[in-house]
Amino acid sequence: MDEERRCGACSLCCTVLRVDELRKLGGVPCPELAAPGQGCGIHATRPGICRRYRCLWLQGRLDEADRPDRLGAVLDLVSEAGMPRLAIREAEPGAYDASPRLQEIAARFRETMMVRISDQADVLDADSAYRVLLPGGAEHLVEGDRTTLRHPDGRVEVQRLRWIERLVRRAILAVRRLRIRRWPRHETRER
Ligand code: SF4
Ligand code: SF4
């Protein structure tokens with residue numbers, strides 16, 4: 001880990017990520033952000049989750065030049081069902097496809113784990129699409145309860161969640177909506 005790294009002028013996670021303590025949705029600039037490039041306006045009293053958060057770059061696991069605001073995405077290693085995966089959260093839709101460097105990083109991680117690519121989708125949007133790059137070259141596009149699997153040889157398979165999985169998914173989304181529906185919307189982006 002590179003202890004010397006500092007966020008500097010980057011504050012991308014303060015927009016891209018959800019902060020439950022502040023009732024802030026992902027993709028919405030935090031209302032506590034100071035002027036552009038000046039970081040957190042409540043640095044001394046910021047929530048614990050903000051204090052603890054260190055993106056992959058800040059951990060020293062990406063090259064110096066790959067700071068998220070330059071890269072156009074916030075990258076993390078997350079665990080899903082006990083398996084590590086690289087999460088790429090784009091600052092703008094299409095950032096991954098437009099960035100050879102992001103694709104290069106994804107290709108390196110993809111050799112050993114799945115890579116999930118999403119944009120700053122509103123968490124209330126149940127059908128917000130995301131992609132999962134699989135080792136070996138296949139790719140999942142997940143849209144709502146439908147998954148399109150693209151094989152490296154060009155074959156395409158469309159699958160739908162089983163009814164019980166759809167039911168569970170709807171229940172989870174309903175609870176999530178209920179929990180955050182009164183959150184302030186702050187300044188929302190055009191999507
Ligand atoms: S995205 Fe990483 S480098 Fe940028 S502000 Fe957040 S933790 Fe710091
Ligand atoms: S409280 Fe500060 S560190 Fe936390 S998301 Fe807001 S601006 Fe970023």
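## Two positive phi angles

A81 sits in the loop between strand 1 (73–80) and strand 2 (83–90). Its phi is positive, about 55°, although A81 is not a glycine. A81 is exposed, because its relative accessible area of 85% lies over the 50% cut-off. The model is predicted, and this angle belongs to the model.

R23 belongs to the loop between helix 1 (13–16) and helix 2. Its relative accessibility is 40%, so R23 counts as partly exposed.

## Overall layout

The protein contains six helices and seven strands. Along the sequence they run α-α-α-β-β-α-α-β-β-β-β-β-α. Of its 191 residues, 38% count as buried.

Strand 7 covers residues 156–160 and includes R160. R160 is exposed, with a relative accessible area of 54%. The C-alpha atom of R160 is 4.5 Å from that of R146, and the two residues are 14 apart along the chain.

Helix 5 spans residues 100–110 and holds I105. I105 is buried, because its relative accessible area is 0%. Its C-alpha atom is separated by 10.0 Å from that of I88, a residue 17 positions away along the chain.

## Ligand 1

Which residues surround ligand 1? The shell consists of C7, C10, S11, C13, Y53, C55, W57, L58 and P68. By class it divides into eight nonpolar residues, one polar and no charged. C55, part of this shell, has 8% relative accessibility and so counts as buried.

## Ligand 2

Around ligand 2 stand C14, V19, L22, C30, E32, L33, C40, I42, P47 and C50. Nine of these shell residues are nonpolar, none is polar and one is charged. C14 is a member of the shell. With a relative accessible area of 24%, C14 is partly exposed.

How many disulfides does the structure hold? The count is zero.

## Salt bridges

Side chains of opposite charge can pair when their charged atoms come close. A search of the whole structure finds 15 salt bridges. One of them joins R101 and D63, with the closest N and O atoms 3.2 Å apart. This pair links distant parts of the chain. R101 is in helix 5, while D63 is in the loop between helix 2 (48–52) and helix 3 (68–71), 38 residues apart. Both partners are partly exposed: R101 has 22% relative accessibility, and D63 has 45%. The R101 and D63 pair also belongs to a network of salt bridges, which links D63, D66, R101 and E104.

D69 and R67 form another salt bridge, at 2.8 Å from N to O. Their accessibilities fall in separate classes. D69 counts as partly exposed at 34% relative accessibility. R67 is buried, because its relative accessible area of 12% falls under the 20% cut-off.

R155 and D153 meet in a salt bridge as well, with 3.0 Å between N and O. R155 is partly exposed, with a relative accessible area of 45%. D153 has 54% and is exposed.

## A nonpolar surface patch

Which residues make the nonpolar surface patch of about 510 Å²? They are W163, I164, L167, V168 and I172. W163 is found in helix 6, which runs over residues 163–180. W163 counts as exposed, because its relative accessibility is 60%.

Terms used:
Residues numbered from 1 in each chain as written. Chains lettered and ligands numbered in written order. Predicted model: local features only at pLDDT ≥ 70, side-chain atom pairs only at ≥ 80, totals over all residues. Heavy atoms only, no water. Patch = residues over 30% accessible without salt bridge, like charges linked within 9 Å, V, L, I, M, F, W, Y side chains within 5 Å. Areas by Shrake-Rupley, 256 points an atom, 1.4 Å probe, with all protein chains shown as cover. Salt bridge = Lys/Arg side-chain N within 4 Å of Asp/Glu carboxyl O. Helix = DSSP H or I, 4+ residues; strand = E, 2+ residues; numbered from the N terminus. Buried < 20%, exposed > 50% of the residue type's maximum accessible area, 1.4 Å probe, protein only. Near = heavy atom within 4 Å. Nonpolar A, V, L, I, M, F, W, Y, C, P; charged D, E, K, R; others polar. Disulfide = S-S within 2.5 Å.
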